[in-house]
Amino acid sequence: MTLQARDAYLERAAEAGLAMFAERSWGLYQRFPFEQAPRQSPGDIVEAYERARRLAAGFASSLRECEERLNVQSRLRPGDVKDANRTIEKMSGGRRDVPLDLLGGTLICSSLTQAYAVAEDVTATFTVVSFRDRHVVPVPSGYRDLQFSVKLEGEHIAELKILHRMLADLDQYEHRIFEVQRSIEARHRDEMPFIEGLVVKSLTTASNTMYTQAWKRILVTEGLLGQTEDEND
């Protein structure tokens, strides 16, 4: 990757309040760029689900190993594998590739310092194939995490997220908003009626506000953002 790409990445990280973690984040991205994540294996949705179910117990065991070794909390996706209806919604939106997150796990950390240390350590347990720092570039809702794709048995890909405790606590409430938004968007993929569009826009704004305020509180708590600056925003 070019020097210009590195400089732009570090600048973006600094703008997010993460200057002290920027080099570590760049190092992980350089080793495992998310744009080069492989496709799911197998490519057939039914076979992929069957394999994900077979691998769920072993994946959960690896998460528990990280929990004990790194002093974090771990959790596997509720129900072990991604809800099939959600997968169908995701694939009907124009992408036909089988999602990489049929199996998903989370490691919950008490600080950003711990989160980036854990991110550098997960390669001791998992075969990492891609990394994306969504602290630096959050999703449209404002949600932030450190997102990995990891390779399991049979080339199957699973999602591993490293999440700050405060965002994990907020996520359990915001997810209800996300569910409503997602169901509306699934019903109106071609053309969104005015009222439904208004609801979706308002829910997105509400989610972004909550995640943005939580993120600022994290930065303040960890000394990465001044209290006065936080209060003025």
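Valine 128 counts as buried, because its relative accessibility is 10% and the cut-off for buried is under 20%. The model described here is a predicted one. Valine 128 lies in strand 3. Apart from neighbours within four places in sequence, valine 128 is in contact with Phe32, Val122, Thr123, Phe148, Ser149 and Val150.

One of the contacts of valine 128 is Ser149, and serine 149 has its place in strand 4, residues 146–151. With a relative accessibility of 9%, serine 149 counts as buried. Beyond residues up to four places away in sequence, serine 149 touches Leu100, Thr127, Val128, Val129, Ser130, Ile157 and Ala158.

Strands of a sheet pair through backbone hydrogen bonds, and the pairing can be parallel or antiparallel.

Strand 2 takes part in both kinds of pairing. With strand 1 it runs antiparallel, joined by five bridges. Strand 2 (residues 103–109) and strand 5 (residues 157–164) run parallel, and six bridges join them. Threonine 106 in strand 2 is the bridge partner of arginine 75. In strand 5, the partner of threonine 106 is lysine 161. Glycine 104 stands opposite glutamate 159 in strand 5.

How many of the residues of strand 2 are buried? Seven of its seven residues are, so the strand is mostly covered. In a regular strand the side chains alternate between the two faces of the sheet. In strand 2 both faces are covered: Leu103, Gly105, Leu107 and Cys109 are buried on one side, and Gly104, Thr106 and Ile108 on the other.

**Helix pairs**

Two packed helices are described by the angle between their axes and the distance between the axes. The table gives these values for two pairs.

| Helix pair | Angle between axes | Distance between axes |
|---|---|---|
| Helix 6 (residues 165–187) and helix 7 (residues 194–221) | roughly 170° | within 10 Å |
| Helix 2 (residues 22–31) and helix 5 (residues 112–121) | about 25° | 11 Å |

Helix 6 and helix 7 are roughly antiparallel to each other, because their angle of roughly 170° is over 145 degrees, the cut-off for that description. Their crossing is left-handed. In this contact, residues of helix 6 including Met166, Leu170, Ile177 and Ile184 meet residues of helix 7 including Val199, Leu203, Met210 and Trp215. The residues of the contact divide into 14 nonpolar, three polar and five charged.

Helix 2 and helix 5 are roughly parallel to each other, because their angle of about 25° is under 35 degrees, which is the cut-off for that term. Helix 2 passes helix 5 in a left-handed crossing. Arg24, Ser25 and Leu28 in helix 2 meet Tyr116, Ala117, Ala119 and Glu120 in helix 5. By class, this contact has four nonpolar, one polar and two charged residues.

Note on methods: Residues numbered from 1 in each chain as written. Predicted model: local features only at pLDDT ≥ 70, side-chain atom pairs only at ≥ 80, totals over all residues. Heavy atoms only, no water. Axes fitted to C-alpha atoms, helices over the stretch in contact; angles between N-to-C directions. Helix = DSSP H or I, 4+ residues; strand = E, 2+ residues; numbered from the N terminus. Parallel < 35°, antiparallel > 145°, perpendicular 65-115°, else oblique. Left-handed = near helix turned anticlockwise from the far one by under 90°. Contact = heavy atoms within 4.5 Å. Nonpolar A, V, L, I, M, F, W, Y, C, P; charged D, E, K, R; others polar. Pairing = 2+ DSSP bridges. Buried < 20%, exposed > 50% of the residue type's maximum accessible area, 1.4 Å probe, protein only.
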